[in-house]
Amino acid sequence: MNINATLIGEVILCSIIIGGALSYYFARRKTTSPKITAAVGALLSIVPILGLIYVALLALKDDIAKT
């Protein structure tokens, strides 16, 4: 079985983009610093399972109260 390095790179790049976007979406409602939270989510998405766990934890977090 041949593993194509370009395909692996594309999967990781897509994972980073999707993980960062989902992190930002959830962080706007659930944290006070959505840009930092999205950056951490994008960095963790380099390893896709870590990105999924991070997004799941963000989704389970309670929303912040609007003042």
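## The annotated spans

How far apart do the end C-alpha atoms of residues 39-60 lie, and what percentage of the span is helix? The distance is 19 Å, with 86% of the span in helix and 0% in strand. Please keep in mind that this is a predicted model.

Residues 39-60 come up here because UniProt, in an unreviewed entry, annotates "transmembrane region" for residues 6-27 and 39-60, and such annotations may be inferred rather than shown by experiment. Over residues 6-27, the chain is 100% helix and 0% strand, and 31 Å separates the end C-alpha atoms.

## Serine 15 in helix α1

Let's look at serine 15, which sits in helix α1. Serine 15 has a relative accessible area of 17%, and because buried means under 20%, serine 15 counts as buried. Setting aside neighbours within four places in sequence, serine 15 is in contact with Ser45 and Pro48.

## Threonine 31 in the loop

Next, find threonine 31 in the loop between α1 (5-30) and α2 (34-44).

What lies around threonine 31? Apart from neighbours within four places in sequence, threonine 31 is in contact with Thr37, Leu58, Lys61 and Ile64.

Notes. Residues numbered from 1 in each chain as written. Predicted model: local features only at pLDDT ≥ 70, side-chain atom pairs only at ≥ 80, totals over all residues. Heavy atoms only, no water. Helix = DSSP H or I, 4+ residues; strand = E, 2+ residues; numbered from the N terminus. Contact = heavy atoms within 4.5 Å. Buried < 20%, exposed > 50% of the residue type's maximum accessible area, 1.4 Å probe, protein only.
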